[in-house]
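Please consider the sequence and the three-dimensional model shown below.

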Amino acid sequence: LLKYCQPLYYGDPVSIKPEIRKMMEAILIIYTTSQHYNTTDSMTHLFVKITNQMVVACKDYITEKGIKRIWDFEYPVISAKIQDALDLYSEYDSAFQRTKNKSEKEFDFSEMYTFGKFVSFCKRLEKIQRMLNIIEC
């Protein structure tokens, strides 16, 4: 699992996105075979950690690790960065749903608790994107 989670700490949304499917497959294997991580609480905790790290990676990517503000970028650059972050969430959610449907064991985790922070982050990004679109017009 560490192999698939390392991009979360060192990558950006563009480099994390291709690893999500493999990471979900590894999580499913752990969930179905592990004696320690086969509980809903343990897996929910793991997914929350992954989600939180994705949000941090997206923030770091958008702000260049806090060096720049959104307003410091040209419109096409910041728009593309925001879209990359939104695409990462979309891929993460769809990979989770595919894994949930594929699992023989009930994959019953609170999706609001697990993905809530990322959903809120994406809603804020969408508002910023709309505002930038209005300013750019």
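Which exposed residues does the face of helix 1 turned away from its buried side carry? They are L2, K3, Y9 and Y10, where exposed means over 50% relative accessible area, buried under 20%, and partly exposed in between (1.4 Å probe, protein chains only). Helices are DSSP runs (H or I, at least four residues) numbered from the N terminus. The model is predicted, so that local features need pLDDT of at least 70 and side-chain atom pairs count only at pLDDT 80 or more, while totals for chains, interfaces and linings use all residues. Residues are numbered from 1 along each chain as its sequence is written, and side-chain values use heavy atoms, with hydrogens and water left out.

Helix 1 spans residues 2–10, and its residues C5, P7 and L8 are buried. Seen down the helix axis, the buried residues of helix 1 fall within an arc of 140 degrees, so they line one face of the helix; the arc is that of the directions from the helix axis to the C-beta atoms. These buried residues pack against helix 2 (13–16), helix 3 (20–33) and helix 4 (40–63), contact being defined as heavy atoms within 4.5 Å.

The loop between helix 4 and helix 5 (75–102) contains E64, and K65 is also placed in the loop between these two helices. Most residues other than glycine have a negative phi. E64, although not a glycine, has a positive phi of about 55 degrees, and K65, likewise not a glycine, has a positive phi of about 60 degrees. E64 counts as partly exposed because its relative accessibility is 33%, whereas K65, at 63%, counts as exposed.

Side chains of opposite charge can pair when their charged atoms come close. A salt bridge is a side-chain nitrogen of Lys or Arg within 4 Å of a carboxyl oxygen of Asp or Glu, and a search of the whole structure finds six of them. One joins K68 to E64, with the closest N and O atoms 3.9 Å apart; K68 is partly exposed at 33% relative accessibility. A network of salt bridges links E64, K68 and K81.

R69 and D72 form another salt bridge, their closest N and O atoms lying 3.5 Å apart. R69 is exposed, at 55% relative accessibility, and D72 is partly exposed, at 42%. R98 and E91 meet through their side chains in a salt bridge of 3.4 Å, N to O. Of this pair, R98 is partly exposed because its relative accessible area is 34%, whereas E91 is buried because its relative accessible area is 17%.
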